[in-house]
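Please open the model in your viewer and keep the selection tool handy. We will take a short walk through it together.

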2 protein chains.
Amino acid sequence: MKESIRVDFEPIGRRVRVDADTSILTAARKAGIGITAVCNGQGTCHQCVIRLVSGKLNPLTDIEKSVFSPQKQSEGWRLACQTIPISDVSLEVPPQSISTQQRLQLEGQQFEGDPAPAVRVVRVSIEPASPMDLRADQTRLKDALETIRPAVDIPIRQLDKISPLLRTQGWQVDLVLNENGTLTGCLGADKRLVGLALDIGTTKLAAYLVDLESGKTMAKMGEVNPQISYGEDVISRIAYANQSDTKKAALQKVLRIAINRLIKRLCKNAHVQPDQIMDAVVVGNTAMHHLFAGLPVRQLGEAPYVPGVSDSLYLPAHELGLDLSPGALVYLPPNIAGFVGSDHISADLACGLLDAGETTMLVDIGTNTEITLRTPLGISCCSCASGPAFEGAHIHSGMRAAAGAIERVFFNSGQWNYTTIGQGPPAGICGSGILDAVAEMRRVGIIDERGVFQPGQAGVEKQGHLSSFQLVPADPVNNVDAIQVTRKDVNEIQLAKAAIRAGIEILLKESQLEANQIQRFIVAGAFGTYLHLPSALAIGMFPPLPEERFFQAGNAAGAGARYMLLVNEFRKQAEALYGRMKYIELTIQKDFQETYMASLLLDNQPIK
Amino acid sequence: MKESIRVDFEPIGRRVRVDADTSILTAARKAGIGITAVCNGQGTCHQCVIRLVSGKLNPLTDIEKSVFSPQKQSEGWRLACQTIPISDVSLEVPPQSISTQQRLQLEGQQFEGDPAPAVRVVRVSIEPASPMDLRADQTRLKDALETIRPAVDIPIRQLDKISPLLRTQGWQVDLVLNENGTLTGCLGADKRLVGLALDIGTTKLAAYLVDLESGKTMAKMGEVNPQISYGEDVISRIAYANQSDTKKAALQKVLRIAINRLIKRLCKNAHVQPDQIMDAVVVGNTAMHHLFAGLPVRQLGEAPYVPGVSDSLYLPAHELGLDLSPGALVYLPPNIAGFVGSDHISADLACGLLDAGETTMLVDIGTNTEITLRTPLGISCCSCASGPAFEGAHIHSGMRAAAGAIERVFFNSGQWNYTTIGQGPPAGICGSGILDAVAEMRRVGIIDERGVFQPGQAGVEKQGHLSSFQLVPADPVNNVDAIQVTRKDVNEIQLAKAAIRAGIEILLKESQLEANQIQRFIVAGAFGTYLHLPSALAIGMFPPLPEERFFQAGNAAGAGARYMLLVNEFRKQAEALYGRMKYIELTIQKDFQETYMASLLLDNQPIK
């Protein structure tokens, strides 16, 4: 009988026992973890990336040596299909290697270090009220706090909770103060001090419940932004809000309800009460920020697209309609511009751009893509209208990254291979899938660098003037429609990647840098995490840099929100970033049009 | 043909033309003004008091010379029934002389002087947004205001109104700032700067819309406090609120709705929009204050009855759910104790008690009666549980001061006379009516000083042990029930007046004063305004002082609220009053019980 070896998968927290000669890819499947592997373990797609945390694996194979840079090798990166455990092992599965049922991306850099949040607990003993001492409860609290912290502001909403507690707890309470000297709440029987970090994306909400004393994330959860039924992108939602105050209020209301539902579910998972949440940090793009905060959005949809508010805000939770401690203040970091919001500041912060010594570029890809360039001399950013193609919209067989979406495409040994999210039959193709498809079509020669379909290629059909490539044939028996990539789809990808590339190039030009001077190139956001980097490089979405300079950062905005929640000083850093940030409005740059045209080509050449 | 003379009645603003030999009482009736005159013009009830403002009247009659002190005579006070106009005249009709349909008392001292409110208008011209100048609207406003007033706080709720206005008004707006440097609003097409003063009584709401530039009251309106359906007095409302958070919220909601309805009606009358209301002052007793502000009330209903908040508050109108300018702050003056609220501070202020040189006593009568004693050495106050008898409650034939209530009772020439509010058939008896009735019953000898019914008096009936006096016999034809004054009614009045008198005496003792050292004795509040002073003196509700020392001040709390709205300095005075006020808790005074017992007697003797 063969030896049984234990394999731990982190951060998912799954454990499985396998025979000694089982590959990690097989072990992961046995553990119910959907590791992406388009080539089905042949070692050709290079997507099943994992990292050894502890224990021993077989030596690196030749395939792995060709895939990973020496640095990556030394960090323990492997391909799951090439790897066999020699001892009990613990492995990290990065999010981009996981194909989940519904991709509501929650991972990102974890905060390491000691929490130093904006709120703290103080135990206060108060003189009881008596006929000889008839001070009001508020006065009594202020007087008792005077020695601990002078001039505490006691918002009157707190008293509804504190006044009865004073009388049932023998005039002793655990009060929570924030650094501005405002009473944010009062701990009840459960003494945990809890905070909420929230990233309001146009498509997705990501929420994290954090223990402010240990720094641990107690629960995290994602949900689709329900505003999506009022418009897929920010422009259509602004247009909807502009129709009437009632419609604007409806947008705000569905968001508020969804956030409160998230809070309730997070709290249930973590066994805490919503009114224990004493602090919150909320990030989002400027339009989401404004709709969340109840700010005007009309001017965000009309040139010159200025924000209503760019400075950071502290807003009372109850004013926002959030079910937190009634005195909790919600911190919203600054917005840089109409289309570069607090979520981008938050991502910059999580990626350490304030104090970065290396020349670093951060690209956060979405319907709108925000880019920051940090050089030793300064920091600048821009916004690119990359459009919704990478979210599967405006694509012939496109769909969002949900179950059934083709997320990886790979041509190998004369065969088109693909994997779907959830491993079921294909229902459409999502952003990372269409990116792969276009890159592979270009590699195989189905299209040229202009995106033009080449005659005589297998799988290419022509209907009238329009060519298309059939990636998956129809299967009427299994009720599967054909999945095609059309000339128009290729064009959408060209427009989207050109917008991003042009932004990158203009920022470089503004700083008088060449692309190869970028030492770290960070790709953030959901699509940025799941995209197959070689495909993005092959079609020239990013400048041709060595692969080891690239980092896929996950939900950096959400990570930054947690940083600001756990360490108050990070809020000051976010504000410092905002203060130093030079915003470059692309549309008024004289080189923009030319750079954009040059960026349309599907190749991996530098742009001059 | 007789000469036609013009008679103007102020402050009602009614004008009438009459023949030269018509009495003013008749003229008033012709003008539709219900002047109180129980004796129907015989000159015996002395209630139809008016004052000559301009023009000429017949000389004083002997009756008037006996009624009015020389000072009152020199001030122009007359009895309407004794007075005939010699020329066109303008007359003041004080509120206590008017019998209105529904007594929602709105009159009180008018503010004389130049307004110096807490808000001011500044016209600001702002640089337009452009691709070269992408500052956020909030930043742009702050920058433009920097030269006018540095560090203005621009609450984000304002931007929803200001951002569109900036763009439609050519980047020029009239902003309203308050003295704390907070932007409270933005004037639209109508440039008037408007404020709201509101007195939340347990029974009645009194609201005033004030032009903050001219100082004029643009509109005033009263309404029954709708919380009355949840309990007639504050104690029963606190008990209701204690039952559940939902019930407490219901109390708050009905009040908010009623106030917003008042605001809407006031604005309609004054032809302004609610969002032009840039400032507000709200006063009320501590329970009303707490329910309005959303503060806990449980501790107000349990010994030792301490307020949740006693300091003054500035609360955002939108947080209170009031339909004012979204940035308006509502000022609530301090509460002195659990049963001495901001309304009493406001009344003290209106009556000039902060700087009073004379020894002054202010008695504000209600279910709870608050008393302030101002001496050259200091200022002290107390609260007396006078109960609801003076509001017609717990009285056999009692009713509130509404149409049909007997409000004056007068025994003359062997006859019992009375008048009703609205002059219709009697439906019951209200506070001032039962006070008169008990005083007249005592004068006539129906009851003795202990309140005991005397045998053999006309109109006295005995059922078992209980005596009662029939003031109005039943009239089945006109569907009128008998109106009786029972032994229990007399007792209720004794308890109520003893509570007030004991408070007066304890305050005097605390300050080591005798009653006759009081130089001004001010009676405020609705009942205090309509009560017939000789009756109150006859039964010893007030100490036996010369009548000219008494002043019936009307709704002094509402007047004080208007003062604080018109002149910001008055808010500081209210806070100074609060700071200097010594609150005397009657129940822990060792003399209290004895003084109270001595005060129960129905006579006009000093209490030692």
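Start by selecting residues 360-364 of chain A, which make up strand 15. In this predicted model, the strand is mostly covered, with five of its five residues buried.

Now show the side chains. Which residues point one way from strand 15 of chain A, and which the other way? A:Thr360, A:Leu362 and A:Asp364 share one direction, while A:Met361 and A:Val363 take the other. Side chains in a regular strand alternate between the two faces of the sheet.

To see one bridge, pick A:Met361 together with its partner in strand 16, A:Leu373.

Then bring in strand 24 of chain A, residues 520-524. Here the pairing with strand 15 of chain A runs in the parallel sense, again over five bridges. Select A:Val363 and you can look across to its bridge partner in strand 24, A:Val523.

For the last stop, move to strand 10 of chain A (residues 204-211) and click on A:Tyr208. Why does A:Tyr208 count as buried? Because it has 26 C-beta neighbours inside 10 Å, and 20 or more are enough for that label. Beyond its neighbours within four places in sequence, A:Tyr208 is in contact with A:Ala197, A:Thr217, A:Lys220, A:Gly558 and A:Arg562.

Terms used. Residues are numbered from 1 along each chain as its sequence is written. Chains are lettered from A and ligands numbered from 1 in the order in which they are written. This is a predicted model: local features need pLDDT of at least 70, side-chain atom pairs count only at pLDDT 80 or more; totals for chains, interfaces and linings use all residues. A residue is buried if 20 or more other C-beta atoms lie within 10 Å of its own, exposed if 12 or fewer, and partly exposed in between; C-beta atoms are placed from the backbone. Helices (H or I, at least four residues) and strands (E, at least two) are DSSP runs, numbered from the N terminus. Two strands pair if DSSP finds at least two bridges between them. Two residues are in contact if their C-beta atoms, placed from the backbone, lie within 7 Å.
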